[in-house]
Every structure is written in structure tokens, then in C-alpha cells.
Amino acid sequence: MRIVTPAEYWPQPWKNGGGITHEIVRWPDSRGPGRAPDPGAAYDIRISLADDNVAAPFSRFPGFRRWSFLAGAAPIVLDVAGRPHELTRLGDHLEVGGDVPITCALPAGPTRLLNILVRDGVAAVVGHGPCPQPVRFVFALEAMPWLPQGCSAVFEPPELAILERHAIWLV
């Protein structure tokens, strides 16, 4: 297991130029030791923590599936094809195709979303809370005995981990 702290997350501009995301991990990894990931490099899975500071459209990712989990204290409303989805509690999420247009409203100010992108055809299961099978990735929305809040754990190979209700995971 490798713990990844927020100091190790790589800030990158949003694909649409509207904000900043902090890349936590991607597979395959395009960086060498101590080097930033190549934003143009192909990947099958990418996990990042986005700062949502202004109401704006989200970047689109054709050929991917997107999971967006509320990871900040303030709620967010995601408009998907004219239908609002309110994420109000930590861990509330939305799963959509990466090419689906999304815009956000921030009724209580800036917040954060943990975003997981998985290329179409790549086997991955994404969830929230306890997980009965070995995991490849965990993000702590709240502190767990072995993982501080806002930190991530990468398991290569995947391992069983004791996960609490505020864990976001990828198998």
C-alpha cells in the first residue's frame, strides 16, 4: 500500500480551462519519479480532486465513464441535460458518460469533487462505503484509523482494506 497525501497531488488546469484539478493517480502512470504527469498522455483510469469555485460547464471526456463524488463541505448542483442532481452530503455522487454535458451551480459557494474517469471497456467498479473485495484505490472523505482525511491509498496489487462509510474506492 502507498499513501498519497494532498501535497503529492498534481495540480492541472481543467481540460476546458475553467478551473484546477489535482490529479491523485492514473493508470497507466505517465510520469517518472518526481515528475508531473503528462496531461496529454493516454490513460485508462484517472482520479482527481477538482476545486469547483465558479458555476461553469464541466470538461467532457468522450470514451470514458465519469463518477463525481462530493468531497467538499458545500453542496453542488449538477445539471445533466437539463435535469438537476443535488449533491448535498459527503459521498453523494453522480455517474454518467464522459461525453454527457454537465454544468454546475454552487448554492453555498466553492466546493470539491472527487472525479473518477474510466475508459470505456476497462473493467472497474467504483463505490462508496465498506467494500467486501480487494480494492485498488481508496480516498478518505473523513479520517479512518489508517488513512487521514483527504488522503488516498493505492494498492498494487489490490488488497482487502477495512473501509468506513466515508471511503470512496475503486476495484
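This passage describes selected side-chain features of a predicted model. Residues are numbered from 1 along each chain as its sequence is written. Local features need pLDDT of at least 70, side-chain atom pairs count only at pLDDT 80 or more, totals for chains, interfaces and linings use all residues, and side-chain values use heavy atoms, with hydrogens and water left out.

Asp-51 is buried, at 18% relative accessibility (buried means under 20% relative accessible area, exposed over 50%, partly exposed in between, with a 1.4 Å probe and protein chains only). The side chains of Asp-51 and Arg-112 are joined by a polar contact of 2.7 Å (a pair of N or O atoms within 3.5 Å; within protein, one must be able to donate a hydrogen and the other to accept it, and residues adjacent in sequence count only if both atoms are side-chain atoms).

The whole structure holds three aromatic pairs (rings of Phe, Tyr and Trp, the last by its six-membered ring, with centres within 6.5 Å; planes under 30 degrees apart count as stacked, over 60 as edge-to-face and the rest as tilted). One of them is the tilted pair of Trp-14 and Phe-58, at 6.3 Å centre to centre and 55° between the planes. Trp-14 is buried at 12% relative accessibility, and Phe-58 is buried at 9%. Tyr-43 and Phe-64 also form a tilted pair, with 5.3 Å between centres and 45° between planes. Tyr-43 is buried at 9% relative accessibility, and Phe-64 is buried at 9%.

No disulfides are found in the whole structure (a disulfide is a pair of cysteine sulfur atoms within 2.5 Å). The sulfur of Cys-151 lies 20 Å from the closest cysteine sulfur, in Cys-131, which is too far for a bond.
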